[in-house]
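Dear colleague,

Please find below the structure that I am handing over to you. My notes on what was found in it follow directly after.

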Amino acid sequence: MTAALEHPPVQAVSEPVLEIRDLRVQFDVPGGRLPAVDSVDLTLRQGEVLALVGESGSGKSALSMSLVGLNRGPRTHITGEVTFGGRDLVAASERELRAVRGKEIAVVFQDALAALNPLHRAGAQVSEMIRAHRDVPRAQARDRAVELLGEVGIAGPDRAARSYPHQLSGGMRQRVMIAMGLANDPAVLIADEPTTALDVTIQAQVLAVLKRVQRDHGTSVLLITHDLGVVAEVADRVAVMYAGRIVEQGLRDEVLFSPQHPYTMGLLGSVPPIDGPVLRRLPAISGSPLTGVERPSGCAFAPRCPFVHDACDERPELRRRHGGDGHVDACVLPGAERAEARAKGGAE
């Protein structure tokens with residue numbers, strides 16, 4: 001995690017753009033129905049970066065893909081409400097969703113090489129996104145594609161536009177994906193692990209592009225990540241997800257510097273410090289994330305929590321116990337035990 005946070009978090013006072021209420025996503029698997037997303041409430045506000053954090057398998061991508069119906073299918077069951085522009089996207093038809101995807105809500109996928117078509121040049125793929133939602137001449141769309149590639153920081157955008165995906169570096173491919181996302185000036189940009197597999201220098205450049213997009217276009221960004229350094233760099237608010245549920249949520253500084261849930265403490269405790277003594281071994285959260293269809297009736301984190309007690313047998317709800325009105329967590333630990341948990345980093 002970065003030592004100094006370079007921008008103050010946006011206070012949650014702007015208008016909601018995307019509201020998620022009681023969202024549940026279940027997948028039919030050989031053992032039954034897997035609850036990938038379990039009764040999630042979230043609000044994405046105008047012009048903010050909301051980071052959704054958690055280990056692999058916590059339900060982050062399942063949640064984000066369900067917002068625009070990208071994981072619909074005969075073995076997928078999605079309920080709840082996702083309100084955008086006065087419409088419920090969960091109840092929307094496939095035709096209605098196609099009009100929203102790429103135009104009003106865009107997605108930047110994790111693996112740009114897999115997401116881009118290897119048979120088409122980068123510029124053609126950006127211009128195709130423009131023409132899919134707007135009636136503009138091919139030449140005009142091509143010129144706008146080159147402009148977008150330049151806006152996301154690609155040096156020599158003309159040359160990049162004529163290149164195939166395999167001829168571009170990982171960072172350039174990711175920027176092409178961001179350019180495609182921005183092609184129609186969307187209100188919401190969903191970035192699913194946009195810096196995975198990139199070296200730290202390229203990561204910083206991609207994150208700078210996302211922040212510039214947020215600042216210059218007023219775009220609301222839902223950032224899916226497991227990298228707390230990325231969260232510290234760009235997020236305004238943070239929601240921590242475990243076993244399909246939100247276990248803590250608040251402003252970036254509240255969550256990173258005053259975590260209240262033992263899972264959040266464990267995640268932060270496992271980040272190598274950039275100053276102070278070198279640790280011989282980093283703290284780790286014991287056990288493994290839940291992956292099966294069976295889930296505890298109480299707190300899902302209880303099997304891994306070093307502070308578990310009898311009250312954890314009941315399922316905790318998100319409540320405000322510390323800090324501002326927006327800082328909530330789903331833990332029943334009393335204050336003294338929370339202080340002890342923070343001192344230990346939330347892990348043994």
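The model is predicted. I begin with strand β3, which pairs in the parallel sense with strand β8 (residues 220–225) over 5 bridges. Within this pairing, V49 stands opposite V221 in β8, and L52 stands opposite I224 in β8. Strand β3 also runs parallel to strand β9 (residues 237–242), to which 4 bridges join it. There, L50 stands opposite R237 in β9.

Are the residues of β3 (residues 49–53) mostly covered or mostly open? The strand is mostly covered, with 5 of its 5 residues buried. V49, A51 and V53 point one way from β3, while L50 and L52 point the other way, and all are buried.

These pairings belong to a wider arrangement. An open sheet of 8 strands has the order β6-β7-β8-β3-β9-β10-β12-β11, and its pairing is mixed. The edge strands are β6 (105–108) and β11 (319–320), each of which pairs on one side only.

Which residues of α5 are buried? They are A141, A145, V146, L148 and L149. Seen down the axis of α5, the buried residues fall within an arc of 160 degrees, so they line one face of the helix.

What covers the buried residues of α5 includes α4 (122–133), α6 (157–161) and α7 (170–182). After α5 comes G153, whose phi is positive, near 90 degrees.

Helix α11 (residues 262–269) is mostly covered, as 8 of its 8 residues are buried. The buried residues in α11 are P262, Y263, T264, M265, G266, L267, L268 and G269.

In soluble globular proteins, nonpolar side chains tend to be buried together. In this model, the largest nonpolar core has 38 residues, and those with the most contacts inside it are V126, V176, I178 and L223. Helix α7 contributes the largest share of this core, 6 residues. Leaving aside its neighbours within four places in sequence, V126 is in contact with A145, L148, L149, V176, A179, M180 and A183. Among these contacts of V126, A145, L148 and L149 are also buried residues of α5. A second, separate core has 33 residues and includes V25, A36, L52 and A62. L52 is one of the residues of β3 described above as buried.

I also looked at the cysteines. How many disulfides does a search of the whole structure find? The search finds 0 disulfides. C299 is in no disulfide, and the nearest cysteine sulfur, that of C312, is 5.7 Å away. C305 is likewise in no disulfide; the nearest cysteine sulfur, again that of C312, is 6.2 Å away. For reference, a pair of cysteine sulfur atoms would have to lie within 2.5 Å to count as a disulfide. C299 counts as buried because its relative accessibility is 13%. C305 also counts as buried, at 13% relative accessibility.

D22 has a positive phi of about 50 degrees although it is not a glycine. The place of D22 is in strand β1 (residues 16–29). Is D22 buried or partly exposed? At 34% relative accessibility, D22 counts as partly exposed.

S39 is not a glycine either, yet S39 has a positive phi of about 60 degrees. This residue, S39, lies in strand β2 (residues 32–45). With a relative accessibility of 23%, S39 counts as partly exposed.

With kind regards

Conventions
Residues numbered from 1 in each chain as written. Predicted model: local features only at pLDDT ≥ 70, side-chain atom pairs only at ≥ 80, totals over all residues. Heavy atoms only, no water. Buried < 20%, exposed > 50% of the residue type's maximum accessible area, 1.4 Å probe, protein only. Helix = DSSP H or I, 4+ residues; strand = E, 2+ residues; numbered from the N terminus. Arc of directions from axis to C-beta. Contact = heavy atoms within 4.5 Å. Pairing = 2+ DSSP bridges. Core = buried A, V, L, I, M, F, W, Y, C linked by side-chain atoms within 4.5 Å.
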